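Have the 3D view ready and follow along.

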Amino acid sequence: MKKIPSLAGALLLAAVTAVLPPPSGARAAAAADTRVDIDVRAGLATVGATAVGVNHAIWDSQLGTPAVADLLGDAGVTMLRYPGGSYADIYHWRDHTAPGGYVAPNTDFDTFMAGAQRTGAEPMIIANYGTGTAQEAADWVRYANVTKGYDATYWTIGNENYGNGHYGSAWEADDHADKSPKQYAAEVVAYSRAMKAVDPTIKVGAVLTMPGNWPDGIVGTGDTGTWNQEVLTRAGSAIDFVDVHWYPGGGTPAETLTRTAHIPDAVHLLRRQIDQYAGAGASRIGISMTETNVEVGRNTQPGALFLADVYGGLLAQGVFTVQWWNVHNGLGTVSEVAGETDYGDYGLLSSGNCNADNTVCQPPLNTPFAPYHALSLVGDLARPGDRFVGTGSDNGLVSAHAVRRANGDLAVLLVNKDPDSAHTVALNYQGFEPASGAPAVASFGNGDDGVSTGAVGSATAQTLEPYSISLVTVRSGRTESGSPKAPGQPTATVTDRTATISWPAGAAGLKYEVYRQNGGISEQLGETTATSLTVGNLEPGRRYTVNVLARDGSGRRSQASPPVTFTTGAPATSSCTVKFLDTNDWGNGYVGTIDITNNSTAPINGWTLAFTWPTGWQNVSSGWSANWSQDGRTVRVASDGALAAGATANVGFVGSYSGPNVLPTVFTLNGTVCAGA
């Protein structure tokens, strides 16, 4: 996604002082219409030191200024990306030039680093792949970490390099004659070797595409796999993380705000691609989300709601940094969104500029837009060392994200995406006892000038104003010392209906409880004094996430282990076998084929194949060689013909998807679960 701004020249710097109204995003609760569950037994990712990030850009004259650095620091920003999106692939750090682009004064690397240090943020630096060389990148590492001692750890090779024309769209500079993922992967290996020869402690990232977003699924001319498959297969051993962007689209705020539901499946697919293609030690490879934003309501409350929801969702799934695009970007198309003026600006802070005839001007320079205030709430939620825990909501317009503090308290971020109605939320806790009294609540509502704080409602009931974000900090009502240490990372060995969960041994005399995560209310699968447990009666083709807790003889429980996620498969043998293939993908649809084999010794006279789409955004558009129908997420393929013993029938269809395309893995033939091919 390319966003080339047109910033005004010299602008007066305005001090930004938020005048805080009484708490408006949350108020004393009425009768509840929404249930939110928070389960500390459902442990998710731990917040790292670089979680809350934003993008800086060399066209921004305010890059690194004390006013901007302090605003970002106040919001809890812990990582800053430089030199700015697609500019990275035309930028030459040594002479601070970007041929074909605009470079503002006082935006060189040392100025950026001074600002990052004042903010208290780690840098993420984009090495120039498009018009640069491995030697240029290695020299930058030497200057940064040897000459200047900046200890810059994270370096990405290029920006959106799949946008170089190889798949038909070209916005990213790329001087290489070969623009394939194979060539990019080869250069990543060369860059990584050259850069790590200078400083072996750095971490190098490669550009991938987010599952469900173009060009995911597409195999380019001359390639043997998709961009992600080719890059991971060829360069997986040379990288430490992958770098993806996500602009979810959506023509309306309501549509955009539903897209955060894609996050668990998208991260799951990306993690699966890494594990499948990156070779030995793939588990060491992290995931960074270095650009995200919306197309409607960028400066108003929809952008703020999206930011809160997407940061919470991605960080909970283990993405180690999420970075908003960007700090300043400039005036775009002006409109009214949710009753407020939206300047069409991707920036968190106002650029203070006007349109060509000066009839519309932004607020004074560095005035925070609504997403900035959402970012500050995320910064308060996701503090390094805190642990995300499972949540669930029975209202699609209210989402929740929660972390357990080191001191045992809970912080719960509640997002009301309903533009018209307040919702009163009943908060229910599993494995946690809240203290009595009103909790501390920080809120940001539609049209507010800043975040307001106060003691509001109770630990079990909060009322959310329309289009609002509230951070509710709940003190623990139970102080318990001497609890066992949380078990280490579990592993799972899986069949179609069973899973054996194993974990490292803890202290002597412990019992272990195994829980399956389930929408904020975990289900206990069993307990044991051993260090493994086999659970049965699982559903074939279903994804499960499991935690292990330790309990001592006094009944004191540990915190949850890290999660382990696994998917049960099809049975190894059956009277039928099904082979499903995505044979030709174009990014939001594909041609699929299914081979159905009768493994029995008798013919089948008339048959129905059935399967369930893993998500709600997948459909059959048309099908052939049988009668196709879809009811909700269930697809049925029926034929009146005979399938002889040992014979195979082939059917095909055109499928469509508007999010991560998680393919089905389990099929039934006349009610019998088939083996997978």
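To talk about how two helices sit together, we need axes: an axis here is a line fitted to C-alpha atoms, over the stretch in contact, and the angle is taken between N-to-C directions, running from 0 to 180 degrees. Keep in mind that this is a predicted model.

Now find helix H1 (residues 66-74) and helix H2 (residues 109-119): their axes come within 8 Å and cross at roughly 40 degrees. That angle makes H1 oblique to H2, because angles under 35 degrees would count as roughly parallel and those from 65 to 115 as roughly perpendicular. The crossing of H1 past H2 is right-handed. Which residues do the touching? On the H1 side they are Pro66, Ala69, Asp70, Leu72 and Gly73, and they meet Gly115, Arg118 and Thr119 of H2. Sorted by class, this contact has three nonpolar, three polar and two charged residues.

Next up is helix H3 (residues 134-147), with 14 residues. From first C-alpha to last, H3 reaches 18 Å, close to the 20 Å expected at 1.5 Å a residue. Its buried residues include Trp140, Val141 and Glu136. What covers them? The cover for the buried residues of H3 includes H2 again, along with strands S4 (79-82), S5 (122-127) and S6 (154-157) and helix H4 (181-198). After H3 comes Gly149, with a positive phi near 65 degrees.

Finally, jump to helix H9 (residues 370-381). Its twelve residues should span 16 Å at 1.5 Å a residue, and the end C-alpha atoms are 17 Å apart, so the two agree. H9 is mostly covered, with eleven of its twelve residues buried; among them are Tyr372, His373 and Leu381.

Terms used. Residues are numbered from 1 along each chain as its sequence is written. This is a predicted model: local features need pLDDT of at least 70, side-chain atom pairs count only at pLDDT 80 or more; totals for chains, interfaces and linings use all residues. Side-chain values use heavy atoms; hydrogens and water are left out. Helices (H or I, at least four residues) and strands (E, at least two) are DSSP runs, numbered from the N terminus. The expected span of a helix is 1.5 Å times one less than its number of residues. Buried means under 20% relative accessible area, exposed over 50%, partly exposed in between (1.4 Å probe, protein chains only). Angles under 35 degrees count as roughly parallel, over 145 as roughly antiparallel, 65 to 115 as roughly perpendicular and the rest as oblique. A crossing is left-handed if the near helix is turned anticlockwise from the far one by less than a right angle, and right-handed if clockwise. Contact means heavy atoms within 4.5 Å. Ala, Val, Leu, Ile, Met, Phe, Trp, Tyr, Cys and Pro count as nonpolar, Asp, Glu, Lys and Arg as charged, and the others, Gly among them, as polar.
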